[in-house]
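Please keep the sequence and the coordinates in view while reading.

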Amino acid sequence: MKWYINKSKPICPQICEHMCVAINLGEFAPNEKVYSVRELSLLIGVTPNTVQKAYDMLYEMNIIYSVPGAGWFVCENTNACTKRVEALVNEKIEEYFNNMESIGFSKEKATLLLQERVGKANEWITKMC
């Protein structure tokens, strides 16, 4: 998964979202070790303190746990993570419709445009395979 961090928005919640998406996509399985604080800070270009704060938030949400001296691991039960991703998806969908409405498109027209885009993407994928 590619990490996109928008430095004009709070970074810790973005890190939490990315980690939840990665877990939901199966990049990290339950009880599997995730990036170290230092690894992730280098990967996304933020300070280790920022990553540590995000990991503390994920810990509070019962998404990851710490093993002293070994690192951070994905919790056995990933329901909290799944719920966070579902909320994120709903937020992004609502944001799309609000943005389209702000430039004069109804939800119906915005839905049609999205369906057309998906159809074109599917055609392209079919041609490439």
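Which residues does cysteine 20 touch, not counting residues up to four places away in sequence? The model is a predicted one, in which local features need pLDDT of at least 70 and side-chain atom pairs count only at pLDDT 80 or more, while totals for chains, interfaces and linings use all residues. Residues are numbered from 1 along each chain as its sequence is written, and side-chain values use heavy atoms, with hydrogens and water left out.

Cysteine 20 touches Leu58, Ile63, Cys81, Arg84 and Val85, where contact means heavy atoms within 4.5 Å. Cysteine 20 belongs to helix α1; helices (H or I, at least four residues) and strands (E, at least two) are DSSP runs numbered from the N terminus. Cysteine 20 counts as buried because its relative accessibility is 0%, the classes being buried under 20% relative accessible area, exposed over 50% and partly exposed in between, with a 1.4 Å probe and protein chains only. Between the C-alpha atoms of cysteine 20 and threonine 47, which are 27 residues apart along the chain, the separation is 20 Å.

Leucine 58, one of the partners of cysteine 20, has its own set of contacts. Leaving aside residues up to four places away in sequence, leucine 58 touches Cys16, Met19, Cys20, Ile63 and Ile64. Leu58 is also listed, with Ile15, Met19, Leu40 and Tyr55, among the residues with the most contacts inside the largest nonpolar core, which has 25 residues. Such a core is a set of buried Ala, Val, Leu, Ile, Met, Phe, Trp, Tyr and Cys residues joined through side-chain atoms within 4.5 Å. At least two residues of this core come from each of α1 (11-24), α2 (37-44), α3 (48-60), β2 (71-74) and α4 (79-102). The largest share, seven residues, is that of α1.

Two packed helices are described by the angle between their axes and the distance between the axes. For α1 and α3 the angle is about 60° and the axes are 9 Å apart; axes are lines fitted to C-alpha atoms, for helices over the stretch in contact, and angles run from 0 to 180 degrees between N-to-C directions. The two helices α1 and α3 are therefore oblique to each other, since angles under 35 degrees count as roughly parallel, over 145 as roughly antiparallel, 65 to 115 as roughly perpendicular and the rest as oblique. From α1 the contact involves Ile11, Cys12, Pro13, Ile15, Cys16, Met19 and Cys20, and from α3 it involves Thr50, Val51, Lys53, Ala54, Tyr55, Met57 and Leu58.

Valine 67 stands opposite glycine 71 of β2. Three residues separate the strands in this hairpin, where glycine 69 takes a positive phi near 85°.

Positive phi values also occur in residues other than glycine. Asparagine 31, in the loop between α1 and α2, has a phi of about 70° and counts as partly exposed because its relative accessibility is 36%. Asparagine 62, in the loop between α3 and β1, has a phi near 60° and counts as exposed because its relative accessibility is 53%.

Terms used:
Pairing = 2+ DSSP bridges.
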